[in-house]
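Here is a short report for a first look at this structure. Keep the sequence and the 3D view open while reading.

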Amino acid sequence: MNETCLKIRADILSIAHASGRGHIPTCFSIVESLYAVYSTMNHRPTEPQWPGRDLFVLSKGHAALGYYCNLAAFGYFPAEQVRAFGDADSLFGCHGDRFKVPGVEASTGSLGHGVGIAVGMALAGQIQRSGRRVITLVGDGEANEGTVWEAVLVAVDQKLSRFTLLYDHNNSQRRCLQIPNPGERFRAFGCEVTEVDGHDLAQLTDALQRTTDRPHVIVANTIKGFGCQTLCDDVFAWHRRSPDAATLARLMEELHAG
Amino acid sequence: MRGKFRQVVTELAEQDERIVVILGDVSVYQFNQFSQRWPERFYNMGILEPTLVSVSAGLAALGLRPFVHTIAPFLTERCYEQIKLDLCYNRFGSNLVTCGASFDYAADGPTHHTYTDLAILRLLPHMEVMQPGSERELAALLRSQYANGNPSYFRLSDFPHDRDTGEVRFGQGAVLKRGSRDLTLLTAGPILDNVATAVEDLDVNLLYFHTLKPIDHALIAQFAHTRMLVIHDAFGLQEAVNEVAGLRIWHHGLTDRFCDGYGSVESIRQRLGLDVAGIRARVLGLLQQKETLP
């Protein structure tokens with residue numbers, strides 16, 4: 001595992017333990033995706049409002065803790081600040097607030113919203129001929145929401161070639177409404193589709209650097225809880241659970257054992 | 001009123017290249033010239049109202065000034081969470097402009113009637129809620145509010161009044177009639193025509209509002225010593241007026257049931273007691289009553 005991705009996962013675990021909050025498995029599934037996005041897009045961590053930046057919107061807003069730890073890893077703020085995660089006066093809520101967290105472009109949380117906002121941002125980029133890229137990360141559970149597909153229809157119809165939808169295919173809906181073969185579905189909607197191993201940074205990076213003439217969907221096949229077998233073995237029990245001290249030690253051991 | 005909307009937005013677009021029009025396949029004919037002149041600023045985007053709102057949020061995030069236009073119930077009731085979160089919570093200043101106010105689509109039945117929009121949008125922080133009753137009011141409010149960064153709701157009607165309600169300023173109500181009896185009528189939007197006609201020769205006060213959020217507290221407070229009767233063909237005004245404490249207030253308007261009749265706007269108003277005769281009868285009834293609490 002990449003050193004930074006390992007540290008991001010360790011930060012997620014320790015902050016989830018310290019705060020008593022967190023969606024650990026869903027955060028773990030997108031660590032490499034977020035790292036690859038921030039490694040390839042134009043941005044300035046010390047100048048979050050830099051006008052020339054590309055934009056990222058976390059549509060599956062409940063993975064905020066993973067997002068914060070990724071932003072910290074890229075230098076937006078010290079990871080130590082995130083330890084107040086979910087506290088009454090913390091800047092770091094369980095869903096990101098764009099007025100509080102440097103680097104957060106849109107406040108999200110209710111599923112199926114961020115993707116539409118991101119399509120609007122990409123359309124704005126096209127109108128303004130800014131050339132900026134807009135990337136949104138959508139969960140496969142979130143794709144139960146009809147607005148995800150509405151937004152994709154608009155992105156295709158408006159030929160938003162600078163729009164990328166990163167689809168976290170972590171099988172979160174195995175007990176509910178599943179969407180088999182998401183790549184085929186996005187292709188049928190008119191998107192360019194690339195399927196990757198969502199824990200392989202090289203594959204993710206290559207996909208994110210592809211130039212397409214239409215909206216690009218990257219289906220990242222991922223594992224909820226990737227990095228800790230205990231999490232993978234019971235993702236539903238761990239959906240919102242925070243580890244106690246003994247469990248934290250075991251999870252850290254699993255994580256560092258690879 | 002849609003023609004006036006198009007006219008004002010076109011005038012504004014000539015000066016302000018940030019303006020973008022998004023339609024939900026409604027009033028498209030109005031914007032033929034606009035779309036030919038500014039194809040990159042006009043999108044008849046489709047019949048997917050929640051996404052129209054979210055997309056407008058994304059446009060506003062990058063400094064554009066979107067106008068989203070389609071039929072009222074579909075852009076408000078259907079999209080309540082998109083308006084709440086994508087526009088209000090995120091403070092992305094989009095302009096929502098609807099047609100089909102109250103019972104404008106009378107014959108289409110309850111699926112197309114819209115009377116909760118004003119009331120529910122008033123509940124959202126940062127939201128500006130306007131019900132212009134005339135084209136003149138609409139033009140003034142569009143110009144003053146479209147670019148201020150707040151999400152704004154403009155409720156258009158195909159049946160506006162044509163009365164002079166004085167200087168139009170956002171957030172300010174107007175005194176259209178002063179009387180000496182212990183009764184003040186409060187109304188908003190196109191129904192003013194029926195109200196004003198019904199009480200033309202009656203000795204009452206008449207207050208009029210085109211802005212329901214923020215409501216003009218100061219104006220209401222000036223008349224708080226009198227009994228008050230809110231007359232409205234939607235929910236929202238009564239709740240707004242009640243923000244002023246201690247009023248002795250009655251309501252003449254809608255009840256807790258669907259209006260399942262068809263016909264015309266005026267026939268539905270008659271059915272609801274919101275025609276001239278119905279309003280006059282209610283006002284006369286109150287004038288004949290001794291001062292009592294509702």
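## A helix pair in chain B

Helix α3 (residues 49–61) of chain B and helix α5 (residues 80–89) of chain B pack with their axes 9 Å apart, at an angle of about 5 degrees. Axes are lines fitted to C-alpha atoms, for helices over the stretch in contact, and angles run from 0 to 180 degrees between N-to-C directions.

From α3(B), B:Pro50, B:Val53, B:Ser54 and B:Ala57 meet B:Gln82, B:Ile83, B:Asp86 and B:Leu87 in α5(B). Two residues are in contact if their C-beta atoms, placed from the backbone, lie within 7 Å.

## How to read the model

This is a predicted model: local features need pLDDT of at least 70, side-chain atom pairs count only at pLDDT 80 or more, and totals for chains, interfaces and linings use all residues. Residues are numbered from 1 along each chain as its sequence is written, while chains are lettered from A and ligands numbered from 1 in the order in which they are written.

Helices (H or I, at least four residues) and strands (E, at least two) are DSSP runs, numbered from the N terminus.

## The sheet of chain B

Chain B has an open sheet of five strands, in the order β7-β9-β8-β11-β12, with mixed pairing. Two strands pair if DSSP finds at least two bridges between them. The edge strands are β7 (174–177) and β12 (248–252) of chain B, each pairing on one side only. From one strand to the next, the twist averages 25 degrees.

Strand β11 (residues 227–231) of chain B runs parallel to β12(B), joined by five bridges. B:Leu229 has B:Trp250 in β12(B) as its bridge partner. Helix α12 (residues 276–288) of chain B packs on the sheet and touches β8 (183–188), β11 and β12 of chain B. The direction of α12(B) makes about 170 degrees with that of β11(B).

## An enclosed helix in chain A

Chain A has ten helices and five strands. Nine of the ten residues of helix α4 (residues 64–73) of chain A are buried, so α4(A) is largely enclosed by the rest of the structure. A residue is buried if 20 or more other C-beta atoms lie within 10 Å of its own. Among the buried residues of α4(A) are A:Tyr67, A:Tyr68 and A:Cys69. Their cover includes α1 (3–19), α2 (24–29), α3 (31–40) and β1 (55–58) of chain A.

Terms used. A residue is buried if 20 or more other C-beta atoms lie within 10 Å of its own, exposed if 12 or fewer, and partly exposed in between; C-beta atoms are placed from the backbone.
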